[in-house]
Amino acid sequence: MAERSIRAEYTRGSIGATMMKTALAMLAGTLAMSGYNIADTYFVGKLGGAEPLAAMGFTFPIVMLVGCIFNGTGTGIIATVAHALGGDNQDLARNLTSAGLFLVACAALVMGCLGVLTADKVFGLMGAKGETLRLVRSYMDVWFYGCVTAGISMVGNKVLITAGRPKTASGMTIFGMLLNVVLDPLLIFGVGIFPRLGIQGAAIATVISQMASAGLILIVLTRLGLLRWQAMPYTKLFAAWRNIVRYALPAIFGMLLFPLGTFVITRITAEFGVQAVAAVSAASRLEMVAFVFPMSLGIGLMPMIAQNFGARLYSRVRQCLKFSIAVAIFFLSLAAVLFFVLARPLSAIFTPDPDVQSVMVLWLRIVPVCFCFLEIQRFSGFALIGCGHPNLDASIKALRMLGLMVPLSLLALWADSLTGLFWARAVTDILAGAVAWFIAWKIVSRLPADGEDISRPGHATNS
């Protein structure tokens, strides 16, 4: 039976219309991505006492670490699959998808086993002990054993977007989140025939919902003709893995810098008092709201650029980058103005403490200035990855965090200036965004005319 033909959906039609349609399709899915942790935290908080919520707090850094590895590996898969689809190399796209998901499953099994074996030591070093450590183990032991489904659902969704199915990908995310919300109270509190499992029930609910989502995603990918359920020769398997890892390792490195940098900056902020930490924490929630639509747009940007790059439609690559940057500047400049004007009423919503409010107002009138530059850096990074330069993207992320953010924040701490700390973030993102845009535009503007070949050893289109 002949395998189904797969179209490169992003190589035709209006760039602006396609990007906006993809962003709107992913908007609900983007909001649902945070639904798992929000639901778990909400229902676990109803158990009473500080220990269950403290235990959930200890799980987040490890879940984030594993998520960075999954997302980085997913970047390698979608970049190479998009290149292959754009170049109409459908057999290579199938090999990369099948080998990539197998790689994710293998990595998840290894990380799950290591997590279970080292949990006491790792969480002990983080400060968990006694009853809190017991609760952490009851949650994470289940989560570690089930993290294969987390990896497959996360990466499989990215492949669906790469194949031009953003609505399906968004639907899968929403389905998994809703199932988790339904199962959480049943398994945590023991409703009806279900036993009362406490925090362990939250982990079981998460794993079941991710398993159901992963199963549906695998079925859809099989029906699309992107996933093969048959043994692959070792030579093809390792060739696909080498291609994926070339993109995945820089992506993982760049992603791991974010939680590391966040930890360091939080530690520096703490030197200015608990009010500063509380204000920044609350303001960061508003920052996430401001980025919801640009993030939805960015989800489809890299596979769109990569498909057109693989198809040698270089004029469309340039249009993708210009359009996405224009959208980011418009939305995030508007958000900055709103935050500046509404700083005081917004801060009053989050806290009645006047000291926390004053710090939050200061943050809301300084940091949003850089929002559009932060997204310019992100979108420029997607362009670099899509055009076969993952190491450049990782280098820019390292420059932002290690070369600018941490040193400038330490300088503000030395000057004992909280205002200086907030300007350190703004200046960092403005400079990093400008550098990223300069490098990305220099590369895409030098791409040849449509249809001309670019010889890049090891590139998916030439593999």
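User: Let's start with a loop. Where is the place of aspartate 416?

Analyst: Aspartate 416 sits in the loop between helix 16 (390–414) and helix 17. Helices here are DSSP runs of H or I with at least four residues, strands are runs of E with at least two, and both are numbered from the N terminus. One thing to keep in mind is that this is a predicted model, where local features need pLDDT of at least 70, side-chain atom pairs count only at pLDDT 80 or more, and totals for chains, interfaces and linings use all residues. Residues are numbered from 1 along each chain as its sequence is written, and side-chain values use heavy atoms, with hydrogens and water left out.

User: Is aspartate 416 buried or exposed?

Analyst: Aspartate 416 is exposed, with a relative accessible area of 61%. The cut-offs are under 20% for buried and over 50% for exposed, with partly exposed in between (1.4 Å probe, protein chains only). Its phi is near 55°, a positive value in a residue other than glycine.

User: What about arginine 312, where is that?

Analyst: Arginine 312 is in the loop between helix 11 (292–310) and helix 12 (314–341). Arginine 312 is not a glycine, yet it has a positive phi of about 65°. This residue is partly exposed, at a relative accessible area of 31%.

User: Okay, switching to helix packing. At what angle do helix 15 and helix 17 pack?

Analyst: Helix 15 (residues 371–386) and helix 17 (residues 418–445) pack at about 30°, and their axes are 7 Å apart. Axes are lines fitted to C-alpha atoms, for helices over the stretch in contact, and angles run from 0 to 180 degrees between N-to-C directions. Helix 15 and helix 17 are therefore roughly parallel to each other. Angles under 35 degrees count as roughly parallel, over 145 as roughly antiparallel, 65 to 115 as roughly perpendicular, and the rest as oblique.

User: Which residues make the contact?

Analyst: Among them are Phe371, Phe373 and Leu374 of helix 15, and Ala436, Trp437 and Ile439 of helix 17. Contact means heavy atoms within 4.5 Å. The residues of this contact of helix 15 with helix 17 divide into 12 nonpolar, 3 polar and 2 charged. Nonpolar covers Ala, Val, Leu, Ile, Met, Phe, Trp, Tyr, Cys and Pro, charged covers Asp, Glu, Lys and Arg, and the others, Gly among them, are polar.

User: And how do helix 6 and helix 8 pack?

Analyst: Helix 6 (residues 147–162) and helix 8 (residues 199–224) pack at an angle of about 40°, with axes 8 Å apart. That makes helix 6 oblique to helix 8. The contact includes Ile152 and Gly156 of helix 6, and Ala214 and Leu218 of helix 8. The residues of the contact of helix 6 with helix 8 comprise 12 nonpolar, 6 polar and no charged.

User: New topic: which residues does phenylalanine 293 touch?

Analyst: Leaving out residues up to four places away in sequence, phenylalanine 293 touches Met20, Ala23, Leu24, Leu27, Val327 and Phe331. Phenylalanine 293 belongs to helix 11 and is buried, with a relative accessible area of 12%. Phenylalanine 293 and leucine 24 are 269 residues apart in sequence but 8.0 Å apart in space, C-alpha to C-alpha.

User: Last one: where does pLDDT stay under 50?

Analyst: That happens over residues 456–463, for which the model has 26 contacts beyond four places in sequence. pLDDT is the predictor's confidence in each residue, from 0 to 100. Where pLDDT is low, the predicted coordinates should not be read in detail. The protein averages a pLDDT of 86, and 94% of the residues score at least 70.
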